[in-house]
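Dear colleague,

Please find below the structure for your review.

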Amino acid sequence: MTALLPSDWADIIGHVRVNHPNIVRGWFSQLEPVTLIGGVLHIRARNPLQVRYLDDHCRIAFTEGAQAALGQLVTASFETDEAASNGHTGNGKAMDFELSGHLEVNPDYVFENFVVGPNNRLAHAASVAVAESPGTTYNPLFIHGDVGLGKTHLLQAICHQANQLGTCANTLYISCETFVNHFIEAVERGAMKEFRYRYREVDMLVIDDIQFLGERERSQEEFFHTFNTLHQGRKQIILSADCSPAEIPSLEDRLVSRFNSGLVASIDMPCLETRMAIIRKKARLRCIEVDESVVKLVAEQIESNIRDLEGALVKLDALSQTRNGKIDLDLAREMLQSNGTSHAITVQQIVDVVTNYYSVRLADLQSKKRTKSITLPRQVCMYLAREMTSHSLEEVGGFFGGRDHTTVLHAHRTIGATREVDPEFDSVLRDMTQSLRHRRVEVAQ
Ligand code: ADP
Ligand code: MG
């Protein structure tokens, strides 16, 4: 048995961070090397969820890192300190997160990693309340919203928190599809007794994407009875869906009214500030360094959902690894362009919008004229070209009358500064940006 030097461990972790940045999580700093025995490096994590994540995603990366750092053939193995993690649950009983390995629980989906904004405040507050005292506050709790807006994150955060606080001994977290499949299987195998026992004996039943229950008559019937049994026993029920209960197609009225009987909370698309805060949070979690200007650009351009926002960050990180490791505005523009996010915005479209607003001609913008009525729209064009296309400073300067890159930089700074002190002007620029984005969407369709 060999103990590992702290510097070796630092090398291993460093190797993983550099070569596999996408799998790195903030809690990696809590990992500890325990022993090196018979060619196996035993690494201890804080809880079984971390171990599961490491087993599923990180075995090769840590093995490579250990071999590089130690210069010998080693494999990495992950384990948890059973005593410590049992002590953590408060009641010593493991969470029943899965039924036959169907749904993975993500250790990153905890409340600390969830950014609260006006779009999700109620859903978040209700989730915290339910995790603290299941079965007594909002029952059922029904969270709905479009895809990629954080429903699964909140549901899993409730499970983590309830487990950590020891407020719930027996939590079952599954997807609706799993429920339906298990039901069908149980009917076929004549195993309804086991099925009912499994679902009706839990303290907290968490079902993701319950909209799949629509149009499945027999599963609805079974779920109705499961729901009633749990509810009467004051057991917590938490559901998520991509729409409100009444909007789930072909959902029986009695289920709609049951779902509406607790708290129904929606999650909407986050505003710019919340999107920026989410990018910062995700970047910290993945140990990625990103400039504020990049955070703002990406948050402005990606308005679809958080999953896309996160995807953009991962892509930026991957791209930066092939360059000098830096994530700057140029790289972000390139990524957005290749994403198709700013695909259809051309300088010509910018010129159309700006000349239309200021009632000037392109020929004036390209001329040597320096009157205010011409320089302002010219600078606005340069600013928007810089913000919304991936053309270089030289290209933009060249287009607007053969000017050099410092003129474009100056224009960009001047307009940016004016926006900050002049709300009316800022609102004009905002409208222009919006209208350009809408054109982009029209072109894409
Ligand atoms: P849904 O289940 O609504 O489709 P998810 O919960 O899977 O969405 O969220 C998609 C991604 O966005 C996840 O990585 C999640 O962590 C992230 N996310 C969504 N909302 C937030 C938020 N408010 N703060 C931090 N991350 C968020
Ligand atoms: Mg989901």
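There are 16 aromatic pairs, where rings of Phe, Tyr and Trp (its six-membered ring) pair if their centres lie within 6.5 Å, with planes under 30 degrees apart counted as stacked, over 60 as edge-to-face and the rest as tilted. One of them, Phe227 with Phe259, is tilted, at 6.1 Å centre to centre and 45° between the planes. Phe227 belongs to helix H9 (residues 217-232) and Phe259 to helix H10 (residues 253-260), so this pair ties together parts that are 32 residues apart in sequence. Helices (H or I, at least four residues) and strands (E, at least two) are DSSP runs, numbered from the N terminus. Both Phe227 and Phe259 are buried (under 20% relative accessible area, 1.4 Å probe, protein chains only). They also belong to one aromatic cluster, whose members include Phe142, Phe179 and Tyr199.

This is a predicted model: local features need pLDDT of at least 70, side-chain atom pairs count only at pLDDT 80 or more, and totals for chains, interfaces and linings use all residues. Residues are numbered from 1 along each chain as its sequence is written, chains are lettered from A and ligands numbered from 1 in the order in which they are written, and side-chain values use heavy atoms, leaving out hydrogens and water.

Three strands form an open sheet in the order S1-S2-S3, with mixed pairing (two strands pair if DSSP finds at least two bridges between them). Strands S1 (32-37) and S3 (75-80) are at the edges with a single partner strand each, so one side of each lacks a neighbour in the sheet. S1 pairs with strand S2 (residues 40-45) in the antiparallel sense over five bridges.

Kind regards

How values were computed
Buried means under 20% relative accessible area, exposed over 50%, partly exposed in between (1.4 Å probe, protein chains only).
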